[in-house]
Amino acid sequence: MESGLKPMDAEQLRENAHKMVDFIADYYKTIENFPVLSQVQPGYLRELLPDSAPTHPEPLQHIFDDIHAKILPGVTHWQSPNFFGYYPSNSSIAGFLGEMMSAGLNIVGFSWITSPAATELEMIVLDWFGKMLKLPEEFLSAGKGGGVIQGTASEAVLVVLLAARDKILRRVGKNSLEKLVVYASDQTHSALQKACQIGGIHPENCRLLRTDSSTDYALSPNVLNEAISNDVTSGLIPFFLCATVGTTSSTAVDPLPDLGKIAKSNDMWFHVDAAYAGSACICPEYRHYIDGVEEADSFNTNAHKWFLTNFDCSVLWIKDRNALIQALSTNPEFLKNKASQANLVVDYKDWQIPLGRRFRSLKLWMVLRLYGLENLQSYIRNHINLAKHFEELVAQDPRFEIVTPRLFSLVCFRLLPPHNDETCATKLNHGLLDAVNSTGKIFVSHTVLSGKYLLRLAVGAPLTEERHVNAAWKLLQDEASALLATL
C-alpha cells in the first residue's frame, strides 16, 4: 500500500475527508432535486455493479461517480424537506460532527476501562437530557437508576421486558414463564410483539387492547383493568405494561397517571415508549404529556427522530439499573478488571444486548452544546406550527377530512369518497398516496384506524419550511382532483 491509500495516514485522511465533506455538503445543497421516494425497481443495483470486488484499488472520485449514478437513485431521501413519511430521522451539523468524531476515535466502549470518557460522558449527557425533560430524580445516575443509549426503541423495550421478566420470575419461580402476561394498546409499536417473541412470552399472552376514536386511540384504563382482572382470575400473572406517548399511527398519548396507578397496584413493570414525541416534552407547554412518568420503571425517547441527533441514538432511562444488570450481565474472565470487580463504575455492556458499543454520546453532547435548550425548543415548536398550518389547509377543503386530532407534528387525514361511499374510500386514498409519491415531489405514508385508510403527513425534517408544506398540500389537492375526475 506504499503508493496508494494507506489503512491510516493523517494527511491522506485530511485530504480524502475534505473531499467527502464537500460531497455531502453538495448533496444537501441539491437534495431537493432528487425524487424523495426512490423510483427504482427491486434488484436494480445488481445490474449496475460488478459480480465481485475489485482486485486493485480504485480512485475515490470513481466511487463518488458511482454514488451519483448508481446509489443515489436507490436512496429514499429522509433528509429532504419534502419527506413527510413515517416519522423524522433527524440529521444535523452537530450530529454529523459528533458522528465524525465517534468514527475517528473508533473506540469499543463496552466497559468503563475500555474508554472511561465514553461511559462517563454518556452518564452525564443523559442526566442533562433527563433534567431537560424534568424526569424524576430516580432516573438519574446519582441514584439507583440512570440512562443508557440503545440503538433503537425496539432494543429499549426488549431489554426492559427482559429485566421485568427476570424480576418477576425470581419471585414466582422460573416455571411460571408461560403464565406471564404483557399489556399495551393495539396502537403500540410492533417492537413490543417482537420483544415478547424474543423474551419467550407466549404470543397469546401479549394483550394488545383495542382502542377507538372515543379515546382518540389512547389505551383506556377501564379496558386495561378488565383485562388484568380476567387474567388474574384465570391464574395468569400480569407483569409488564407498555404505554405510548405519540403512537406511530396517530400520535395518540396513553393516560400515564391512570395507567401508572394500575401498574403499581398490580406490581407490574411500567414502561413508557415516547420514541417520537418525547423530544417535544423539553418544551414546557408539552411537558404535561408525560405527567405520570413518576410511576414508570423505564422511559425511552429517540434522540435520532426529532432531536437533531444522527441515527442511531435511542435514550433509555431506568429507575433500577440492577434489574437490567441482573438480566443482561455476563462476566467472562477476559473482561474482568479492578474497577468493575470493585463495583466502582458502570459497565454499559450489562445494560444492552450486544457487547460492543459505539461512542454515541458524543453526538448528543455536541447537539446539546452547539444548539442549546432554547434553540432545540424553537426547532420543535417550528415543526409543530408547520403541522398546524397544514391541518388548517386541509380543514378548508371540504373534499378532505381530518380523522384524528393533531398532536405534535403529525396530521392524519383522508380524501372523502364521493356520495359518502365508504366501499371505495380505501381504494381512493390508496390511489392518492401512490399518485403523490410516484411524482417524487413528496413522500407521505399511511395508516389504518377503525378500518379507515388514512394518509399521514409528519413534519420533522430539518430543512422543511412553510413553502414545502404549501407545495405538498397543492400536490395533494391536484392529484385528488385528477383522481376524482376519473370516478
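Guide: A residue is called buried under 20% relative accessible area, exposed over 50%, and partly exposed in between. The model is a predicted one.

Visitor: Where does Arg 381 fall, buried or exposed or in between?
Guide: Arg 381 has 27% relative accessibility, so Arg 381 counts as partly exposed.

Visitor: Which residue does Arg 381 form a salt bridge with?
Guide: The partner is Glu 285, and the closest N and O atoms are 2.6 Å apart. Glu 285 sits in the loop between strand 5 and strand 6 (298–302), while Arg 381 is in helix 12 (residues 361–395), so the pair ties together parts 96 residues apart in sequence. Glu 285 is also partly exposed, at 36% relative accessibility.

Visitor: How many salt bridges are there?
Guide: The count comes to 23. One of them joins the side chains of Arg 14 and Glu 11, at 3.2 Å from N to O. Both residues lie in helix 1, 3 residues apart, which is about one turn of the helix. Arg 14 is partly exposed, with a relative accessible area of 47%.

Visitor: And what does Glu 422 pair with?
Guide: Glu 422 forms a salt bridge with Arg 414, with 2.8 Å between the closest N and O atoms. Arg 414 counts as buried at 3% relative accessibility, whereas Glu 422 is partly exposed at 43%.

Visitor: Change of topic. What about Asp 273, does a salt bridge go with it or is there none?
Guide: There is none. Asp 273 is buried, and the nearest side chain of opposite charge, Lys 305, is 7.1 Å away. A salt bridge needs a side-chain nitrogen of Lys or Arg within 4 Å of a carboxyl oxygen of Asp or Glu.

Visitor: What does the side chain of Asp 273 reach, then?
Guide: It reaches the backbone nitrogen of Ala 275, at 3.0 Å. Asp 273 is in strand 5 (residues 269–273). Not counting residues up to four places away in sequence, Asp 273 touches His 189, Cys 242, Ala 243, Thr 244, Val 245 and Asn 300.

Visitor: How many cavities of 30 Å³ or more does a search of the whole structure find?
Guide: The search finds 2. The largest cavity holds about 50 Å³ of space. Its lining includes Asp 273, along with His 189, Cys 242 and Asn 300 among others. Helix 5 (153–172), helix 6 (191–198) and strand 5 each supply at least two residues of that lining.

Visitor: And the largest pocket, what volume does it have?
Guide: About 1,000 Å³. The largest pocket is lined by 34 residues, and those nearest its centre are Leu 5, Gln 12, Leu 13, Asn 16 and Ala 17.

Visitor: Which helix gives the largest share of the lining of that pocket?
Guide: Helix 1 does, with 11 residues. Helix 1 (10–29), helix 2 (60–71) and helix 3 (93–105) each supply at least two residues of the lining.

Notes
Residues are numbered from 1 along each chain as its sequence is written. This is a predicted model: local features need pLDDT of at least 70, side-chain atom pairs count only at pLDDT 80 or more; totals for chains, interfaces and linings use all residues. Side-chain values use heavy atoms; hydrogens and water are left out. Helices (H or I, at least four residues) and strands (E, at least two) are DSSP runs, numbered from the N terminus. Buried means under 20% relative accessible area, exposed over 50%, partly exposed in between (1.4 Å probe, protein chains only). Lys and Arg count as positive and Asp and Glu as negative; His and the chain ends are not counted. A polar contact is a pair of N or O atoms within 3.5 Å; within protein, one must be able to donate a hydrogen and the other to accept it, and residues adjacent in sequence count only if both atoms are side-chain atoms. Contact means heavy atoms within 4.5 Å. On a 1 Å grid over the protein atoms alone, a cavity is a set of points where a 1.4 Å probe fits but cannot get out, and a pocket is an open set with protein on both sides within 12 Å along at least five of seven lines; lining residues have an atom within 4 Å of a point. Grid points are joined across faces, edges and corners, and a volume is the space filled by probe spheres set on the points.
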